[in-house]
Protein chains: 2
Amino acid sequence: MGKVLIIGAGGVANVVAHKCYQNSEVFDEICIASRSIEKCNEIRNKLTGGNANVLTDQLDANNSDLVIGLIKRFKPDVVINVALPYQNLSIMDACVETGVHYIDTANYEPPEVPKFEYKWQWEYRDRFAKKGIMALLGCGFDPGVTGIFCAYAQKHYFDEIHSIDIVDANAGDHGYPFATNFNPEINIREVTANGRYFENGQWIETEPLSIKSVYNFPLVGPKNIYLLYHEELESLAINIKGLKRIRFWMTFSDNYLNYLNVLKNVGMTSIEAIEYEGNKIIPLKFLKAILPDPAALGQRTKGKTNIGCIIQGVKNGEPKSYYIYNVCIHEECYKEVGSQAISYTTGVPAMIGAMLILKGIWKKSGVFNVEEFDPDPFMEALNKFGLEWNEDFSPDLLD
Amino acid sequence: MGKVLIIGAGGVANVVAHKCYQNSEVFDEICIASRSIEKCNEIRNKLTGGNANVLTDQLDANNSDLVIGLIKRFKPDVVINVALPYQNLSIMDACVETGVHYIDTANYEPPEVPKFEYKWQWEYRDRFAKKGIMALLGCGFDPGVTGIFCAYAQKHYFDEIHSIDIVDANAGDHGYPFATNFNPEINIREVTANGRYFENGQWIETEPLSIKSVYNFPLVGPKNIYLLYHEELESLAINIKGLKRIRFWMTFSDNYLNYLNVLKNVGMTSIEAIEYEGNKIIPLKFLKAILPDPAALGQRTKGKTNIGCIIQGVKNGEPKSYYIYNVCIHEECYKEVGSQAISYTTGVPAMIGAMLILKGIWKKSGVFNVEEFDPDPFMEALNKFGLEWNEDFSPDLLD
């Protein structure tokens, strides 16, 4: 039916490639391109359960001209960008130039400092619209499925949504005393950043990890959760009309936070170089060197993730609450595609988004977030492709 | 009256020099010698409250011939060794050669691995005896005053001592989230070593920090204490006749142990070099470089130390218990001599030992531990020179 270009060769790209290949009646040609063609080939060599034609290519996605060149050679119908968020704009430029649909799973970041803002990408609206093509932003799990859950709730269960709490639990255990699920440098900078949430038309900033609660996650159990800022809050605060409050919460174990706190207090998370035996050494980079490699965690990780939305509002004049969530099991994901649940829950939705575009089911010209489309075909595909969802019509609520 | 050679220029040497100088009617000439003559001069320049003649000299105490040379030039009556424990034997050799009394505050350590054993120094017995001079080993606080407390209890209060618990509390606060009171490399290696205690004629080895209790220290309050090995256990197990059990306990805060545990678990206390940006870096040495300099803690440290002995035995056929302890205040020590209580409690007894030798009050030929002498004049001097002691005849006991 169509051709997909996957840019990136990390854990999420691995999941996207597996899921596209399993769905070969939709994706009959797949190209995997990244800076390291060896990693692309490694992914290709493990694909099973399909019959699509799979190519690989070496690509520096920072260079828009190189992306244009590859698109012109391979002629994809859609590009799935699961490379680094620094590269979103160079890839979008190439899509506009060549007239190809675009999907990503995380907002563009200026390399210097993480901002978690859509503004740079929303500025491409006219260019995509004029070309008659679509950019689908943030089509992973969170952002991604969390927005689709909200759109689904809005469509089927509410006249007006007043409050959304996105709750993200990773109850996986990798067996190390301390490790980060992705690049420790970026992980630690994110967790130590200020929190932010939307209430009554205003954004409220909070000290890092200063707002804490406990939530009893189905199939996972009670966990401490901490209020963080997360990028889907920005688009949902605009796209869910009548919304009074939206917050994002993530679980961190006491152990994880204790390690982080100790390492921060002794100075090991500092990004200021110190003199050591005649060399300049940045403590955080040295720490990264002694911590376990995140890529090695996949096959060790056991346990579940549970990510969902607790939604409150009114239906037929009555107050109503609704909780919709997905539970994913690390070791089953690893068994199926060779990546754990964090990558799995991000990669599957990206494939589904591409499928809906290729099939013409999601069809608009311009730049969009996922909650701006009919959620029903996406929700159906989640159940089919490994991310079954569950509903609870009398959930526990957060204060 | 006499001449003292102080070898070393660290925190303890600073205290010894101040205390000898305050006691100029006993010590009318003082020489301070260490590898760095600048540090010796710094100490000299701060001395007040006396009128002794004070010299300084540059000395590499690893080299016995250089120590002999200095002794021959300065002609001291006694040498107080408060340099590194690696240098005890070279200094003892020089004292034997020149016929000068010797005092130290910590047992000799082979440089490769800490052993905490007296055997190397006890082997000098005949050589010191033949020369008609005395070596007084471990004349700081612990070892040192703890042994004198036991001898005092034996002399005045017990027919037989059955059990001794030495309890050492440092309730000082330096205001840093984590720092070590001396070289972090050595400190961390010690704390993570196996524990050991003596019971019914046998030495029993324990996992590091595996035996924990709580003791309510007078003027300090209840603190967690952990069983460690400490060198005075070796000599007291021999010198206190009839002893059935002796143990040593030290306080560590939950915070200190938590930091230590996290740093150990992430690999920051490892002494195995790792490759980092083309250099070999030992994590523990890098950690030392980012932690506060122990020398900078003195003027920041507030709070008290409480070190003493809880002693059980029989008197006139009746069971009896007795607790004797000293409480020292960090900021008062710093105010008096420019060092905090850890250095103060070690340096004052070294001066007292030298005084008793110079005055001929403690007079034997050979190598001795402090509990082998009449404790009364030492106990009197402790009260006079800043280390007042307190007695409790119905103390809390440890199981």
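This is a predicted model: local features need pLDDT of at least 70, side-chain atom pairs count only at pLDDT 80 or more; totals for chains, interfaces and linings use all residues.
Q: Why is the aromatic pair of A:Tyr152 and A:Tyr157 called edge-to-face?
A: The two ring centres lie 6.1 Å apart, with 75° between the planes. Because rings pair if their centres lie within 6.5 Å, and planes over 60 degrees apart count as edge-to-face, the label follows from both values. By this rule the count comes to 47 aromatic pairs over all chains.

Q: What makes A:Tyr152 and A:Tyr157 buried or exposed?
A: The relative accessibility is 12% for A:Tyr152 and 16% for A:Tyr157. Since buried means under 20% relative accessible area, A:Tyr152 counts as buried, and A:Tyr157 counts as buried too. Both rings also belong to a cluster linked by ring pairs, together with A:Phe158, A:Tyr322, A:Trp389 and A:Phe393.

Q: Why is the pair of A:Phe286 and B:Phe286 called tilted?
A: The ring centres are 4.7 Å apart and the planes meet at 40°. Planes under 30 degrees apart would count as stacked and those over 60 as edge-to-face, with the rest tilted, so a pair at 40° is tilted.

Q: How do you know that this pair crosses between chains?
A: A:Phe286 sits in helix 11 (residues 283–290) of chain A, while B:Phe286 sits in helix 11 (residues 283–290) of chain B. A:Phe286 has a relative accessible area of 0% and is therefore buried, and B:Phe286, at 0% relative accessibility, counts as buried as well.

Q: Why is the charged end of B:Arg300 said to sit over the ring of B:Tyr176?
A: The distance from the charged end of B:Arg300 to the ring centre of B:Tyr176 is 3.7 Å, and the distance part of the criterion asks for CZ of Arg within 6 Å of the ring centre. In chain A, A:Lys119 lies over the face of A:Trp120, at 4.9 Å from the ring centre.

Q: What makes B:Phe27 buried or exposed, and which residues is B:Phe27 in contact with?
A: With 0% relative accessibility, B:Phe27 counts as buried, because the cut-off is under 20%. B:Phe27 is found in strand 2 (residues 27–34) of chain B, and, leaving aside neighbours within four places in sequence, its contacts are B:Gly2, B:Val4, B:Cys20, B:Ala52, B:Met351, B:Ala354, B:Met355 and B:Leu358. B:Leu358 is 331 residues from B:Phe27 in sequence, yet the two are 8.6 Å apart in space, C-alpha to C-alpha.

Q: How do you know that helix 12 and helix 13 of chain B pack, and which residues meet there?
A: The axes of helix 12 (residues 330–337) and helix 13 (residues 341–358) of chain B are 8 Å apart, at an angle of about 65°, and helix 12 of chain B passes helix 13 of chain B in a left-handed crossing. From helix 12 of chain B come B:His330, B:Cys333, B:Glu336 and B:Val337, which meet B:Ala341, B:Ile342 and B:Tyr344 in helix 13 of chain B. By class, this contact has 5 nonpolar, 1 polar and 1 charged residues.

Q: Why is A:Leu219 called exposed?
A: A:Leu219 has a relative accessible area of 63%, and because exposed means over 50%, the value meets the cut-off. A:Leu219 lies in the loop between strand 10 (212–217) and strand 11 (221–228) of chain A, with a positive phi of about 70° although it is not a glycine.

Conventions: Residues are numbered from 1 along each chain as its sequence is written. Chains are lettered from A and ligands numbered from 1 in the order in which they are written. Side-chain values use heavy atoms; hydrogens and water are left out. Rings of Phe, Tyr and Trp (its six-membered ring) pair if their centres lie within 6.5 Å; planes under 30 degrees apart count as stacked, over 60 as edge-to-face and the rest as tilted. Buried means under 20% relative accessible area, exposed over 50%, partly exposed in between (1.4 Å probe, protein chains only). Helices (H or I, at least four residues) and strands (E, at least two) are DSSP runs, numbered from the N terminus. A charge sits over a ring if NZ of Lys or CZ of Arg is within 6 Å of the ring centre and within 35 degrees of the ring normal. Contact means heavy atoms within 4.5 Å. Axes are lines fitted to C-alpha atoms, for helices over the stretch in contact, and angles run from 0 to 180 degrees between N-to-C directions. A crossing is left-handed if the near helix is turned anticlockwise from the far one by less than a right angle, and right-handed if clockwise. Ala, Val, Leu, Ile, Met, Phe, Trp, Tyr, Cys and Pro count as nonpolar, Asp, Glu, Lys and Arg as charged, and the others, Gly among them, as polar.
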